[in-house]
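Student: I've got a model open and would like to work through a few spots in it. Can you take me through them?

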Amino acid sequence: MALTVNNIGNFTTGTRGIPTDMDNALEIYYGSVLTAFDRKQVFLDLVTTKSIDSGSSISIPVIGQSSDSDTNTHVPGTELTMSTVAVKERIINIDALEYFAMAVDKFEEKVLHFETRGELAKQAGEALAVKIDKAVAAMLVTASQTSGTIGGAAVQADGTEVNNDVIDSGATPKARGDALIEAVFQAVAAMEAKDVAGEKYLVVTPLIYSYLAQSDAVNKDITSGDNGGINKGTVMEVAGIRIYKSNYLPVDTAVDVGGTNKKLKAIIFTSEAVAVAKLMDVTSEVNYIPEQLATLMTTYYSYGLGVLKPPCSCVITGGTIV
């Protein structure tokens, strides 16, 4: 029976041939990189993303919020009074290309008694995932500090900050967890008062997450309830918000709250808080370099990011930075 295989390389004819070793190397390497990238990153999937084929920036329209004061009562025989809604735009610029490159020496790879390329692919994917995660997290903090005024027009509400010093100074993890839960409910109320709709996400560090798991508000039965228990140490939701853990939230960095530098502890946001423009998505190449008897493996992307809607981002802080 004939064996039919798919060729990943160049198609010079209308038929598919057997993949070359380099074709297979690229397919395996890229698949491993992408898997590691997707598993490591947290923030990128939770914000707005737009892909472009070419160019150095994208423009995203921002439309102001109307209110009942914009309506008018009709008087027979008179012309209609036009309502006005501010329409502006935010420009998201593409940043420089970010890459991770490694040269694998042919001799050294043969000498080693263990497989290396799988781990190298994992390292490449995770390094780039951490890079974008840190950038998006920092932009979410910036959004919480951004005014909703664009070009002199009050198009949106400002970003939000909620502070509770007990999150930082509480005598026990339980006390800190209770304070964080109070702050989460306060943050949700503040955001909804600004007409922020859509699914909200809460991102904390693993340490802050442990405070939540030890708080009085979480079911601590040995057999878990619907929202986790002490046997698993998990908390699924607080105030209807799904919780995510990340080591790349810039925790304890300074956030200006009423003129005082407070320590960042957590962040709540919707997907509309920040926009990411993708000029080149995660791409990998594998090329053999005969002059060096080595294989060059590169992975790269070109993204840009910026604030989209400030009221959709809220930082939770606790403790003062002296």
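Predicted model: local features only at pLDDT ≥ 70, side-chain atom pairs only at ≥ 80, totals over all residues.

Student: Is Tyr211 buried or exposed?

Tutor: Tyr211 sits in helix H6, residues 206-213. Buried means under 20% relative accessible area, exposed over 50%, and partly exposed in between (1.4 Å probe, protein chains only). Tyr211 comes in at 9%, so the call is buried.

Student: And which residues is Tyr211 in contact with, leaving aside neighbours within four places in sequence?

Tutor: Contact means heavy atoms within 4.5 Å. Ile167 is 44 residues away along the chain, yet its C-alpha atom is 8.9 Å from that of Tyr211. The contacts of Tyr211 are Ile167, Pro173, Arg176 and Gly177.

Student: Which residue in S10 stands opposite Leu202?

Tutor: Leu202 belongs to strand S8 (residues 201-204), where Leu202 and Val204 are buried on one side and Tyr201 and Val203 on the other. Two strands pair if DSSP finds at least two bridges between them. S8 and S10 (residues 241-245) run parallel, joined by four bridges. Opposite Leu202 is Ile243.

Student: Which residue in S12 stands opposite Val203?

Tutor: S12 (residues 260-269) runs antiparallel to S8, again with four bridges. Opposite Val203 is Ile267.

Note on methods
Residues numbered from 1 in each chain as written. Heavy atoms only, no water. Helix = DSSP H or I, 4+ residues; strand = E, 2+ residues; numbered from the N terminus.
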